[in-house]
Each structure stands twice: as C-alpha cells, then as structure tokens.
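Please keep the sequence and the coordinates open while reading.

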Amino acid sequence: MKIIQTVMLELITMMNRREILKGFIGGFCFFPFLEEADASSISLIKRIRYSSNEERTRIVLDCTGKVIKRNIEPFLKGKTLWIKLKNVRANKIVKSLKSPLVSEVKVIPINKHVVKVKLVMKEPHKYKIFALKPYRGKPFRIVVDVFPDFIVTNCRLKTNKKRIVVIDPGHGGKDPGAVWPIRSKYPRIREKDITLSIALRVRRILKRYSDIKVIMTRTKDVYVPLLKRAEIAAKSCADAFVSIHADSMPHYPNWNGVTVFKASPALFAKAQITAKEVAKKVRICNDIMCWSISPLLLNMSTTITFVESSKLAEKIVNNLKAHVNDDLVNGIRDMKRNIVVLKTPGRPAVLVETGFLTNPLDRKRLVQNWYQEEIARGIAKGIRDYVSSLNQTAFVM
Ligand SMILES: [Zn+2]
C-alpha cells in the first residue's frame with residue numbers, strides 16, 4: 001500500500017484532461033433550440049448571470065438577439081474554456097463566481113462583431129453549451145453548464161436488480177506489494193500473487209449467486225493504479241467494494257491473522273471541518289478509496305458509508321471466523337492511514353488484510369491452496385450476507 005501522493009495528483013490532472021478531451025470530441029456541446037438563420041443584426045451581450053449548486057454551475061449570457069450555432073465556437077485549453085462568438089458584440093465584462101467549479105468569467109470584445117468569452121474553471125470539468133429563445137420576459141440566452149467530473153447522485157438512478165460487488169486484488173504488475181524475504185530482488189512470496197489468487201476464488205464462489213455481479217479491478221498480474229480501482233467502483237455504483245491485501249510488519253514478527261479494515265470516523269471528521277472551512281468540494285481518502293463530496297453531501301453520504309461499511313466488515317469477520325481458526329481473526333479496525341488520493345463517491349468499502357508475510361505461520365498458510373480457499377469462502381460468504389441484508393431492507397443508493 002505504498003502510494004506517492006504527488007504521482008496520484010498528477011494522474012488525476014492527466015486523467016481529467018483526457019476525459020475532457022474525449023468529452024469534447026464526443027460532443028458535450030448541444031445547441032437544441034437553434035436553427036441556422038440569416039443573422040443580419042449583431043447581437044449584444046448585455047450581462048452575465050450565474051447560478052451554482054453542488055451538481056452544476058450555470059452561466060447565462062443575456063443577449064439582445066439570436067446567435068446561431070455556427071457562430072459559437074468553444075475551445076477548451078487546460079482549465080480554461082474559450083468560447084468565440086461571431087456576429088456578437090459586447091463591452092468588457094468580468095465576473096467572479098462563488099462556485100465550486102468555475103472561478104471567473106470574462107467577456108472580451110475582439111472587434112465590432114467578434115467576442116471571446118473566457119471561462120476559468122477550478123479544474124478541467126465537463127461542460128455543455130446551448131442557447132435559449134426569449135421566454136417569459138427573458139431575452140435570448142447563451143447558456144454554459146459546467147459539471148463536476150463525478151456526480152455523486154448518479155448511482156441513485158440504479159435500475160439494475162443485480163448487486164454489484166467490486167473485488168480488488170491489491171497490487172499487481174510492477175507493484176509486488178509486500179514480499180518475503182524482505183527487500184529481496186527475487187522474493188519467493190509476493191503479496192500481489194496471494195491477493196489475486198484469493199480474489200479469483202472469491203469471484204468463483206460469488207458467481208453462484210444470480211443476484212450478484214462481480215467486477216474485478218484486475219484478473220491478471222497487471223499494475224492497476226489506485227485511481228483506476230476507485231474509478232471502477234464509482235462507475236459501477238458498487239454496492240460493496242472489497243480490497244484484498246496481505247500485510248508486512250518486519251519489527252513485529254509475532255503479528256498474525258486476518259484483519260478487516262473500514263474507513264476511520266476520525267478521517268471523516270477531519271474532512272468535514274476542512275470542508276466547512278473552505279466551503280468547497282473536498283476529497284477524503286483512506287487506503288481503500290476516496291470520496292469527492294461537497295459539504296452539503298458530506299454529512300449524509302458519510303453516515304451512510306460508515307454504517308454500510310461497518311455492516312459489510314462485520315459480516316465478513318463473522319464468516320471468516322467460521323472458516324479459519326477464531327484466534328486468527330483479529331476483527332475490525334479503523335483505517336487511519338490517509339495515503340491515497342483518489343476520487344470516488346462513498347461506496348461501502350472494506351480492506352481485508354489476509355495475514356502477515358512477516359509472520360512465519362501466516363506466511364506458510366497464505367501460500368497454500370486450502371488456506372486461500374478458506375479465506376476466500378469467509379470473504380465471499382460475508383459479502384453474500386451483506387448483499388442479502390441490502391435486499392431485505394431495499395437499500396437504494
Ligand atoms: Zn497491500
């Protein structure tokens with residue numbers, strides 16, 4: 001679980017850009033109400049208005065007349081969205097926005113019939129441009145909607161009856177995770193192999209249940225960035241996210257057994273204070289995943305995530321106890337480390353540390369098929385129990 005924060009931040013920025021570019025090419029721009037017309041008169045931009053909520057910032061340019069589709073040319077460069085408007089005139093207007101997504105909008109007259117609109121976003125976000133005809137006393141309008149990269153409420157519209165379970169075998173590829181012998185160039189035991197083997201067993205067991213759909217973050221020995229893993233959980237609207245790992249504690253060779261980690265309340269409490277102070281979107285992360293939420297949603301979604309993650313952890317621990325020796329199950333712990341920078345809305349998530357490679361007995365057990373199978377059964381049955389409890393209470397998120 002060694003992650004370099006700056007690398008992840010860079011990754012996020014890179015990914016956003018790529019997403020935006022994709023979106024741009026794919027066409028986020030719609031002009032639903034505009035027909036091509038002979039625009040003989042030059043429209044004047046009178047003013048900028050905006051409104052902002054957690055899911056969208058809307059910028060409205062009030063105009064004196066129609067602006068046709070081919071005269072609106074958006075161009076995204078990094079965090080700046082440029083919109084070239086032809087057959088439009090304006091005086092210079094600068095507007096600072098109190099929005100979590102956009103910081104400033106500028107209307108810059110280029111000449112008597114060309115205007116550039118500069119929209120400075122806080123991060124590269126998705127956007128949509130369209131026009132509205134005069135309506136109920138409102139003039140002709142050019143509207144720019146800016147959306148956050150991920151809308152937390154997406155998952156509420158779930159129609160799929162199957163419960164989605166994301167199984168995440170820790171590490172992989174160039175990242176071996178914990179190894180034994182420690183610091184060996186050619187270790188005999190690698191965490192990435194153990195986690196994959198157990199995870200594939202969990203998948204095999206869960207496949208028996210027709211109401212569960214299993215999604216794996218990896219099925220081979222490949223490197224998957226943590227950001228990608230959390231993205232998989234977010235985009236699939238996972239009902240449960242279970243990350244599988246094995247630990248290493250060189251200074252404590254006596255430490256052994258299976259431990260199930262869930263998000264730490266302290267982590268959330270801290271994030272909540274920060275969110276209130278800065279009154280904007282924050283990312284709170286633990287070793288499993290991160291949540292990108294606004295202060296308004298923070299209270300609600302963290303409460304749900306807590307309760308659900310605890311339930312999931314409890315079910316897994318109970319079932320592990322039935323499958324491996326009671327003494328070997330350490331129970332549930334709070335994840336206190338705050339290492340990874342990812343962005344995913346709150347999905348019930350736990351991380352199972354299946355044992356310690358630094359403990360001789362754990363090490364011996366963890367590489368054996370029978371032990372991996374027992375751990376996998378415990379985890380799979382725990383997930384199964386949790387999913388059944390969801391179905392009973394008709395929990396929808
Ligand atoms: Zn690990």
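H171 counts as buried because it has 25 C-beta neighbours inside 10 Å. A residue is called buried if 20 or more other C-beta atoms lie within 10 Å of its own, exposed if 12 or fewer, and partly exposed in between, with C-beta atoms placed from the backbone. The model is predicted: local features need pLDDT of at least 70 and side-chain atom pairs count only at pLDDT 80 or more, while totals for chains, interfaces and linings use all residues. Residues are numbered from 1 along each chain as its sequence is written.

## Backbone geometry

H171 is not a glycine, yet its phi is positive, at about 60 degrees. H171 lies in the loop between β11 (163–169) and β12. Helices (H or I, at least four residues) and strands (E, at least two) are DSSP runs, numbered from the N terminus.

R136 is another residue other than glycine with a positive phi, near 45 degrees. R136 is placed in the loop between β9 and β10 (140–147). Is R136 buried or exposed? R136 counts as exposed, since it has 4 C-beta neighbours inside 10 Å.

The peptide bond from W180 to P181 is cis, and its omega is near -5 degrees. P181 sits in the loop between β12 (179–180) and β13 (189–190). With 12 other C-beta atoms within 10 Å, P181 is exposed. The C-alpha atoms of P181 and L357 are separated by 8.7 Å, although the two residues are 176 residues apart along the chain.

## Strands and pairing

The chain has seven helices and 20 strands. Strands of a sheet pair through backbone hydrogen bonds, either parallel or antiparallel. Here, two strands pair if DSSP finds at least two bridges between them.

| Strand pair | Bridges | Facing residues |
|---|---|---|
| β1 (residues 43–52) and β2 (residues 57–63) | seven bridges | I48 and L61 |
| β6 (residues 93–96) and β7 (residues 102–109) | four bridges | S96 and E104 |
| β7 and β8 (residues 114–121) | seven bridges | V107 and V117 |

β6 and β7 form a hairpin with five residues between them. β7 also forms a hairpin with β8, with four residues between the two strands.

## Nonpolar cores

Of the 397 residues in the chain, 41% are buried. A nonpolar core is a set of buried Ala, Val, Leu, Ile, Met, Phe, Trp, Tyr and Cys residues joined through C-beta atoms within 7 Å. The largest one has 46 residues, and I316, V350 and I383 have the most contacts inside it. Elements that give two or more residues to this core include the strands β11, β15 (240–247), β16 (258–263) and β20 (349–356), together with the helices α2 (191–206), α3 (226–235), α5 (295–323) and α7 (369–393). The largest share, eight residues, comes from α7.

Which residues is I316 in contact with, leaving aside neighbours within four places in sequence? They are V260, V350, V352, G378, I379, G382 and I383. Two residues are in contact if their C-beta atoms, placed from the backbone, lie within 7 Å.

A second, separate core has 27 residues, among them V67, L85, L101 and V117. Among contacts in the chain between residues at least 6 apart in sequence, 73% join residues at least 24 apart.

## Confidence

The average pLDDT of the chain is 78, and 70% of the residues score at least 70; pLDDT is the predictor's confidence in each residue, from 0 to 100. Among the elements, α2 has the highest mean pLDDT (97) and helix α1 (residues 5–26) the lowest (35). The pLDDT is below 50 over residues 1–39, a stretch with 58 contacts in the model beyond near neighbours in sequence. Residues 150–154 also stay under 50, and the model has 11 contacts for them beyond four places in sequence. Where pLDDT is low, the predicted coordinates should not be read in detail.
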